[in-house]
Structure formats: C-alpha cells, structure tokens
Amino acid sequence: MGSFLIRRLVQGIVTVVLASILVFFVMRLIPGDPALLLVGTDASAEDVERVREQLGLNEPLVQQYFDWLAGAVRGDFGPSFTKGAEVGNLMRVALIPSAELAVAGYVFALAFGIPLGIVAGLKPGGPGDYAATGFTMFTLGIPNFVLGIILIWVLAVLLGWLPITGRVGIDEDPGEALKFLVMPMIAVGAGTAAVLARFVRASIMETLNQDYVRTARAKGLRERSVVMRHAMRNALIPVITVAALQIGFLISGAVIVEVVFARPGFGSLLIGGVVGRDYQLIQGMLVVLVTVFVVVNTLADVAYGLADPRIRVS
Amino acid sequence: MADAPGRVPLFRAQSFRAQVLAWRQQSQWFDVAYRVARERRGQIALVILGVFLVCALFANQIAPYGYDEQLRGAKLLSPSWAHPFGTDEISRDLLSRIIHGIRVSLFVGAGSIAIGMPIGVAVGYTAGYFGRWTDAIAMRLIDTMLAFPGILTALVVLAVLGTGTREVAITLGIGAVPVFARLARGQMLQEKERDYVMAARTLGAGPIRIIMRHVSINTLPPLMIQAALYMAFAVIAEASLSFLGLGASRPTATIGLILNAARPFLTLGAWWFILTPIAALALMLIALNFLADAILEATSPYVRNK
C-alpha cells in the first residue's frame, strides 16, 4: 500500500506541474501587453516600462515561470491585469460561493443518483428502471445551463416558490441561503446524478449475476441480506472512481450554471478573465482548479485501493 | 423473361436484397450503416439528424426569413401560422433563427471532429503501436490535457484565440485530441497483439501499412461511437460558450445566443422564446446519443449476426 500511495502521489504532482507549464506558456500566446492593460493606454512610456519591470515581464520566460510558480505555491498569484486586485484575493472571495455550490450539487448527485441506480438495478424493467432511464434521457438532451433556465422558469417564475437569481451567504441566513441554492444545485448535479444512476444500475445487475450471490441465495439467506451484505458492497466499489471523475465535470459545469443564476464565484471571475484576456487571472484559477481535480482523483484512487486490495498490486 | 446478360435488374425484390447483401459483405461501412438503419434508435437518430442536416446545409433557402431580418410590428409574437415558432424581442422570426442556429451547432460539432479526430487518432495509434518513450511522452501530454475537465480546456484556448464561431470549433477540436488519442491508443494496444497483425508483419508489411490497412478497420466502431458522443459534447459546449458571450457575437443566430436573449423574457410569459431553442437542442443531442447507441448495437459482437 505504501508504494502504491507514493506512486499515485508522484503521478499527481507531475500532472499538476505539467498542467501549470502548459497553462503558463499557452497563456503567453495571448496578444497584447499586460503592462499596458494594467496602467491604461494614456500612461507614459516610462510608466509602462516601470510596470513591466515590476511584473518581471522583461525576464526570460522560463525565469518568469519559476517566479510565478514560487509565488503560486505560497498563494501569491500576482496581480490581475483587469480587476485591479491580487488574483489570490479574488479567488479567496470567489471560493466560498463556488465551493458551496459544488458541494451541494455533488451531494445532490450522490443522494439522488445512487439510490435511483440501485432501485433500477435491483429490478430491471420495473418502475424504478423506467424512472432512471427517463431521467437519463432527460439529462442527455438538456445540458446543465439549460436545465437551470428551465428550473428558473418553472419553480421561480411560474410557481413562485424560489427566488430567481442571486445568493445569500450561509453564514448570514441559512434558511434563505438554502432557497437560493436549491435550483443551481439541481442544475449542477443532475448530469452527474444520471451518470451515477446508469453506472450503479449496470454494476448492481452485473454483481447479482455473480456466483457468490447464487451461493448466498442457495444457502438460504434472506434476499435482504443477500443484496445488502453480499451484492451491494461489491457493486458500489467501482462507483468510487466514476463518482470522483465526475467531480471535474461538475466543477466545470458549475462555472456556467453560476452565470445563469447570477451567483458570484469562480464562474463569473473566470469568464471575465477570458473576455478581458487577463492571463494572470486565468492561469491562477486554472492551476487551482486542476489541482483540486487531481487531488480528488488521487484520493479516489487511494480509496479504491483501500476498498479493493487487487488494485494496489497492478 | 430472362434478363439480358451482363445487366443487373433494377426492380426485382429478390435481387435487390441480394445486392444489399453483396454490398454489406463488400464494405464494412455499408454494413454498419445498414445495421444502424435497422435499429429503432438508429432510425430515430438518422431521421432527426437528416432533417437537421438539410436545415443546416440549405438554411438560407429553407428559413422563411433572414436570421437577422427585423419584421415590422412583429415584436414577441406567440406562435402562429405566419411564425410557427413565434418572434423574438426585436421582431425576428424565431424559426428562421433556430434553423440558422442549428447550422452553427452542426458546423461546430462537425468541425471539431474534423480537426480533433484525425490528429488524436494519429497520436494514439502511433503511441500505442511504437510504445516505449513515444508512448510515455504522448500519454503524459494527453493526461495533462485531460486534467482540464469539460469546458475548461475551451476557456484556455479561447482566451488565446479570441471569441467567435470558428474559434470555438478550433478550440473544441483541440479539446477532442486527447479524447480520441487515448481511445485509439487503447484500441491499438489491444489489436497489435492479435494474430492478423503478426501475420501482416511476417509478410513484410511496415507499420504504416499495418495501421492504415489492418488495424484501423478493426478499431473503427469505438472511434465512430466516440465521434458521435464528442459531437454531442461539442454542440453543448458551443451553446454554453455562445450563451456566455464567448462564441459567436450578435446578431448571429446560435442556440446559446437565442437562449441568452430569451432569459429576461421568462417573466413576461414568452414561453415560445425559451422552449423552441431548447427543443431544437434537445432533439439534436438525443439524436447524437441514439446514433452512438445504434452504432454500438450494430457493431457489438454480442448482438451482431442476430
């Protein structure tokens, strides 16, 4: 287990470092002078030169990369070229609403998708199976941001149950915050829930065909304990990996859903960065997002290794 | 009456059937297409995509009005015979705009596949066939690109290229490269151990001939399925990006831009404004997913030959 852990950890670090190199150098292809962006077009040539010097833009690119990386590790991502603030501070402010939405969406996906898959898998062709298939079809045709618009229309405009857009902090008023969170949470989590439901269904159906399940039935165990103790445990192990891989897509989906619901967070910040071609902002945010994604996947692999000893060896 | 020698009779049921069978035996492409067309899901997909493709190719001829044509006194009209999908907030016919929007969606979808699939498959085949350091380098790069999930790759590339429909197509094409590369590599790793590859090699075939003539035929179905699925992803991504203002700019008609324009009018009860683009998008996505399912059914050895 020790060497497995170390191998996975090294792999994860290599991926993050390579991703940071990729983002850093690709971002340098953006045309335009960031120093000019920062001081404005009516500044004197000396001012521009002074800012270039300050930002280290006159250094060789490789030197710039290492300077930036050294800062990034300490949480200093340099100044944003368009927002008039440090990238690190902008991200800290945006982190809470985004994390709130991502976590809520993920919890929704797990709490809705896994039971749906289990019900469908235990009785293929039953009502639960039809519900799961219908739900999957729905999410295939309706991408997350469109689902967001539909939810706003039905739940907020037609029925008037929920506020249309915006956000209230959980620390300010938990009840009110939850009202604002319900629709974006469903919009973010529905796609993942469908993927999970489909996967859990297949996994359960496969497990129920295994010899040890037949043995358990043959020795006269009650159906409940066959399903709960023998089948379910083994069926849900591979779900860990799928569930973890979905987190990346959930986060990237949240970027758009946030904009639909006019919620502050990573989404509007990142899109503002892309529109303004603010590479300092984009590269900081993407490296953070990729790191989150890689950490989650590594943790999932480790959890998988813990749950299924066969994985550690290969 | 006997047919004249050397002529293939056109209208005789039996020989038409025989002809189809002969085509199926001669060409794997024809065989897969034939099987897809016999699946229920394949039929639905082919009909929807066929209609949409005609709309996309002949948008200017089919659409009753121009995509940016502002009509007199037709602001936010609900659906009628004159405007089956209603009109939008600045008096444009929505049916015409959606037809042009489908054109953009399919252009981006097909364009991204045309860019990403050949490059990705070439990289994957090469890495899988040669192994060792070629494989190690290619896989590190692919894994790094795949570390940017979903639409994030697109955001990085769009920041460099700037916004626009063509830029979105190129961006999503770049995003397709690691997806196809990883799949093609896996296929190659499986296939290159097979006896027929060994046989070809023994006969003196070089790597290019083995990859192009022998392996590629056998790895086509999974790649075709992936192409249909990636196209669905590209259609969603295009709609998302133009919704966010990172794709085509006004007054171009895209599904994303129509949705964005419709959003403020939800509270005014303009249901057609929001429902028609959603319906068009949903049909397109379901058709692409059905197509992927049908290709899988048509090519899976378990259900084949039934």
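These legends describe close-up views of a predicted model. Local features need pLDDT of at least 70 and side-chain atom pairs count only at pLDDT 80 or more, while totals for chains, interfaces and linings use all residues. Residues are numbered from 1 along each chain as its sequence is written, and chains are lettered from A, with ligands numbered from 1, in the order in which they are written.

**View 1. Chain B contains 12 helices and zero strands.** Helices (H or I, at least four residues) and strands (E, at least two) are DSSP runs numbered from the N terminus. The C-alpha atoms of chain B fill a box of roughly 75 × 70 × 30 Å along the principal axes. Of its 306 residues, 45% count as buried (20 or more other C-beta atoms within 10 Å of the residue's own, with C-beta atoms placed from the backbone).

**View 2. Helices α3(B) and α5(B) cross at roughly 100 degrees.** The axes of α3 (residues 40-57) and α5 (residues 94-130) of chain B come within 8 Å. Axes are lines fitted to C-alpha atoms over the stretch in contact, and angles run from 0 to 180 degrees between N-to-C directions. The two helices are therefore roughly perpendicular (65 to 115 degrees).

**View 3. The contact involves B:Phe52, B:Leu53, B:Cys55 and B:Ala56 of α3(B) and B:Ile99, B:Ile102, B:Arg103 and B:Leu106 of α5(B).** Residues are in contact if their C-beta atoms, placed from the backbone, lie within 7 Å. Seven of these residues are nonpolar, none is polar and one is charged.

**View 4. Helix α9 of chain A (residues 211-218) is hardly covered.** Among its eight residues, the count of buried residues is zero. A:Gly220, which follows α9(A), has a positive phi near 90 degrees.

Technical notes. A residue is buried if 20 or more other C-beta atoms lie within 10 Å of its own, exposed if 12 or fewer, and partly exposed in between; C-beta atoms are placed from the backbone. Angles under 35 degrees count as roughly parallel, over 145 as roughly antiparallel, 65 to 115 as roughly perpendicular and the rest as oblique. Two residues are in contact if their C-beta atoms, placed from the backbone, lie within 7 Å. Ala, Val, Leu, Ile, Met, Phe, Trp, Tyr, Cys and Pro count as nonpolar, Asp, Glu, Lys and Arg as charged, and the others, Gly among them, as polar.
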